[in-house]
Amino acid sequence: MAISIFHTISQCREQIYRWRQAGETIALVPTMGNLHKGHLSLVEKAKQLADRVMVSLFVNPLQFGPEEDFACYPRSEAEDLEQLEAVQIDGVFSPQTAEMYPNVSLPTYVEVTKVSDDLCGQVRPGHFRGVATVVTKLLHIVWPDTVLFGEKDWQQCVVIRQMLTALNFPIKMITFPTVRASDGLALSSRNRYLTQEERGVAPQLYKTLEWMVNQWMEKGECQKNIQLIEQEASIRLQSYGFKRVDYLTVRDKETLVAPMPSCEQLVVLGAAVVGKTRLIDNIFFGVKQK
Ligand code: AMP
């Protein structure tokens with residue numbers, strides 16, 4: 001059966017209504033398209049969790065800064081639909097910008113405070129406000145039982161979880177592990193921007209995060225050591241050919257605040273630029289308290 005594609009909110013809602021009438025559960029996988037195996041892992045998981053799976057394809061202008069890559073972000077709807085057809089999902093919501101944001105002169109935002117201003121939010125002001133706003137709109141349009149996000153964008157997961165809790169969305173959020181290339185590089189639509197040489201350098205972000213985890217396990221109990229680990233990691237990454245390091249840091253996994261000595265679930269997160277491409281990645285790790 002051919003996949004159903006909805007370009008308008010009303011078409012999408014009509015389908016959702018029919019599924020609901022039939023008593024079926026719905027999972028939503030929000031994406032910006034240009035699908036790869038990371039996206040498809042979320043789709044496969046969604047199929048296990050609900051009767052119907054809806055995937056959204058929407059490059060959300062609200063989450064890009066004025067100097068960022070909104071205009072050239074890779075768009076490949078025909079290929080995306082082929083891939084989604086092959087994995088047999090039920091519907092695709094692919095609106096134009098004007099359908100999602102008809103009133104550009106009177107913008108309305110959803111803002112998750114504090115966590116949105118740190119890490120990526122510090123380098124990309126307004127980014128998480130754009131993400132929280134579009135996810136709210138997608139959830140109101142599709143009204144799924146379950147929504148799925150990738151752990152590659154871990155700060156995004158923390159922001160959205162806080163939003164769902166604070167605004168009482170009766171929707172279950174599932175996160176799914178990062179899918180990587182065989183050399184460790186996290187799959188990302190932005191990897192397409194990398195030249196062959198930069199592609200060779202890019203896995204060093206993941207390798208540096210791994211190095212930080214090992215260092216943290218050996219020496220991470222004192223604040224001075226933590227700073228040294230972060231500084232040395234940054235120097236290493238630049239020596240491999242990264243042009244700019246936005247952050248390399250260890251945080252409490254669930255809140256993203258600086259870890260207290262009692263914290264057992266940690267995440268090391270990094271964001272850095274190689275050539276013109278900004279890459280992000282993270283690794284979860286646990287420490288046993290002595
Ligand atoms: P994007 O299209 O980049 O906005 O991503 C859509 C969803 O796919 C988000 O929840 C991402 O976190 C997730 N995602 C992107 N890359 C990966 C990956 N390599 N592994 C798992 N999930 C991913």
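Modeller: Before we start on the helices, axes here are lines fitted to C-alpha atoms, for helices over the stretch in contact, and angles run from 0 to 180 degrees between N-to-C directions. Keep in mind as well that this is a predicted model.

Biologist: Fine, so how do the axes of helix H1 and H6 cross?

Modeller: The axes of helix H1 (residues 9-21) and H6 come within 8 Å, and they cross at roughly 50 degrees. That angle makes H1 oblique to H6.

Biologist: Which residues make that contact?

Modeller: On the H1 side they are Ile9, Cys12, Arg13 and Ile16, and on the H6 side His140, Ile141 and Val142. Sorted by class, the contact of H1 with H6 has five nonpolar, one polar and one charged residues.

Biologist: And what about H6 and H7, at what angle do those cross?

Modeller: Helix H6 (residues 127-142) and helix H7 (residues 154-166) cross at roughly 55 degrees, with axes that come within 10 Å. H6 is therefore oblique to H7, and H6 passes H7 in a right-handed crossing.

Biologist: Which residues of each helix are involved there?

Modeller: H6 contributes Phe128, Val131, Ala132, Val135, Thr136 and Leu139, while H7 contributes Gln155, Gln156, Val159, Ile160, Met163 and Leu164. The contact of H6 with H7 has nine nonpolar and three polar residues, and no charged ones.

Biologist: Switching to H9 and H10, are they roughly parallel or antiparallel?

Modeller: Helix H9 (residues 204-219) and H10 pack at an angle of about 155 degrees, with their axes 10 Å apart. Angles over 145 count as roughly antiparallel, and H9 and H10 are therefore roughly antiparallel to each other. Their crossing is right-handed.

Biologist: What classes of residue sit in that contact?

Modeller: The contact of H9 with H10 has nine nonpolar, four polar and four charged residues. Among them are Trp211, Trp216 and Lys219 of H9, together with Glu230, Arg236 and Tyr240 of H10.

Biologist: Where is confidence lowest in the protein chain?

Modeller: Confidence is lowest in helix H10 (residues 223-240), at a mean of 93, and highest in strand E5 (residues 146-150), at 99. For the protein chain, the mean pLDDT is 96, and 99% of its residues reach 70 or more.

Biologist: Last topic: how many aromatic pairs does the whole structure have?

Modeller: A search of the whole structure finds six. One of the aromatic pairs is formed by Phe58 and Tyr101, which are tilted, at 6.1 Å centre to centre and with 45 degrees between the planes.

Biologist: Where do Phe58 and Tyr101 lie?

Modeller: Phe58 lies in the loop between strand E3 (52-57) and helix H3 (77-86), and Tyr101 in the loop between helix H4 (97-100) and helix H5 (120-123), so the pair ties together parts that are 43 residues apart in sequence.

Key
Residues are numbered from 1 along each chain as its sequence is written. This is a predicted model: local features need pLDDT of at least 70, side-chain atom pairs count only at pLDDT 80 or more; totals for chains, interfaces and linings use all residues. Side-chain values use heavy atoms; hydrogens and water are left out. Helices (H or I, at least four residues) and strands (E, at least two) are DSSP runs, numbered from the N terminus. Angles under 35 degrees count as roughly parallel, over 145 as roughly antiparallel, 65 to 115 as roughly perpendicular and the rest as oblique. A crossing is left-handed if the near helix is turned anticlockwise from the far one by less than a right angle, and right-handed if clockwise. Contact means heavy atoms within 4.5 Å. Ala, Val, Leu, Ile, Met, Phe, Trp, Tyr, Cys and Pro count as nonpolar, Asp, Glu, Lys and Arg as charged, and the others, Gly among them, as polar. pLDDT is the predictor's confidence in each residue, from 0 to 100. Rings of Phe, Tyr and Trp (its six-membered ring) pair if their centres lie within 6.5 Å; planes under 30 degrees apart count as stacked, over 60 as edge-to-face and the rest as tilted.
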